[in-house]
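This briefing is meant to be read with the sequence and the 3D view open. Please look at both before going through the points.

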Amino acid sequence: NDGKLVSGIESYISQWHVLIAGSLPLLDDLNEALQSYGVETIRALNAVTALSHLDEAAELEAIIMSGDIIGAELAGLSNAVMRLCPSAGIVALTTTGVLEPGTPHRVQVLKESVSQDALLQALLEANSVAQAKSSPA
């Protein structure tokens with residue numbers, strides 16, 4: 001089953017640029033997996049580095065942030081990220097996996113203990129939603 005998911009998305013995401021922000025070991029594994037599919041990744045271990053990359057990034061297809069970056073500011077940080085990169089899908093990994101009040105509904109929120117396949121699926125969904133929201137009607 002894992003092979004089918006990977007082969008199906010590999011060509012789709014191979015030209016993507018993804019910012020991976022946080023220090024969870026899962027993110028290191030995801031970074032390696034995405035790079036093996038041809039994805040250009042930017043790795044940021046803290047919020048300052050992540051924000052500086054957002055500010056200078058030309059075009060990101062997706063952004064993944066973990067709880068150590070987000071802290072208690074999921075709603076505010078998500079809104080700021082959407083302003084800086086309106087066409088990027090956003091995936092947030094939190095301890096609860098629950099969308100907090102004030103967080104834009106286009107943010108995919110998952111528990112930090114999520115599988116890599118579920119994380120890849122969330123990336124695709126987040127990007128799809130972001131593309132629909134940022135396209136002119």
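This is a predicted model: local features need pLDDT of at least 70, side-chain atom pairs count only at pLDDT 80 or more; totals for chains, interfaces and linings use all residues.

Residues are numbered from 1 along each chain as its sequence is written, and side-chain values use heavy atoms, with hydrogens and water left out. Helices (H or I, at least four residues) and strands (E, at least two) are DSSP runs, numbered from the N terminus.

**Strands**

- Two strands pair if DSSP finds at least two bridges between them.
- Strands β1 (17–21) and β2 (residues 40–44) run parallel and are joined by five bridges.
- Opposite Leu19 stands Ile42 in β2.
- β1 is largely enclosed by the rest of the structure, because four of its five residues are buried.
- β3 (62–66) runs parallel to β4, with five bridges between them.
- Met65 has Ala92 in β4 as its bridge partner.
- β4 (89–94) also runs parallel to β5, to which four bridges join it.
- Six of the six residues of β4 are buried, so the strand is mostly covered.
- In a regular strand the side chains alternate between the two faces of the sheet.
- In β4, Gly89, Val91 and Leu93 are buried on one side, and Ile90, Ala92 and Thr94 are buried on the other.

**Helix α5**

- Which residues of helix α5 (residues 74–84) are buried? They are Leu74, Ala75, Leu77, Ser78, Val81 and Met82.
- These residues lie on the same side of α5, because they cover an arc of only 170° around the axis.
- The arc is that of the directions from the helix axis to the C-beta atoms.
- The cover over the buried residues of α5 includes α3 (47–56), β3, α4 (67–70), β4 and β5 (108–111).

**The cavity**

- On a 1 Å grid over the protein atoms alone, a cavity is a set of points where a 1.4 Å probe fits but cannot get out, and its lining residues have an atom within 4 Å of a point.
- Grid points are joined across faces, edges and corners, and the volume is the space filled by probe spheres set on the points.
- How many cavities of 30 Å³ or more does a search of the whole structure find? It finds one.
- The volume of the largest cavity is about 50 Å³.
- Its lining is made up of Leu19, Ala21, Ala47, Ala50, Leu51, Leu54, Ile63, Met65, Ile69, Leu77 and Val81.
- β1, α3, β3 and α5 are the elements that give two or more residues to this lining.
- α3 supplies the largest share, four residues.
- The lining has eleven nonpolar residues, no polar ones and no charged ones.
- Ala, Val, Leu, Ile, Met, Phe, Trp, Tyr, Cys and Pro count as nonpolar, Asp, Glu, Lys and Arg as charged, and the others, Gly among them, as polar.

**Residues in loops**

- Thr96 belongs to the loop between β4 and β5.
- Its relative accessible area of 47% makes Thr96 partly exposed.
- Thr96 is ten residues from Pro86 in sequence, and their C-alpha atoms are 25 Å apart in space.
- Leu99 also has its place in the loop between β4 and β5, and is partly exposed at 32% relative accessibility.
- Apart from neighbours within four places in sequence, Leu99 is in contact (heavy atoms within 4.5 Å) with Pro104, His105, Val107 and Val109.
- The C-alpha atoms of Leu99 and Ala75 are separated by 8.9 Å, while the two residues are 24 residues apart along the chain.
- Ala72, in the loop between α4 and α5, is exposed, with 68% relative accessibility.
- Between the C-alpha atoms of Ala72 and Glu100 there are 9.6 Å, and along the chain the two are 28 residues apart.

**Leu120 in helix α6**

- Is Leu120 buried or exposed? Leu120, in helix α6 (residues 116–134), is buried at 2% relative accessibility.
- Leaving aside neighbours within four places in sequence, Leu120 is in contact with Ile9, Leu30, Leu34 and Tyr37.
- Leu120 and Ala33 are 87 residues apart along the chain, and their C-alpha atoms are separated by 9.8 Å.

How values were computed:
Buried means under 20% relative accessible area, exposed over 50%, partly exposed in between (1.4 Å probe, protein chains only). On a 1 Å grid over the protein atoms alone, a cavity is a set of points where a 1.4 Å probe fits but cannot get out, and a pocket is an open set with protein on both sides within 12 Å along at least five of seven lines; lining residues have an atom within 4 Å of a point.
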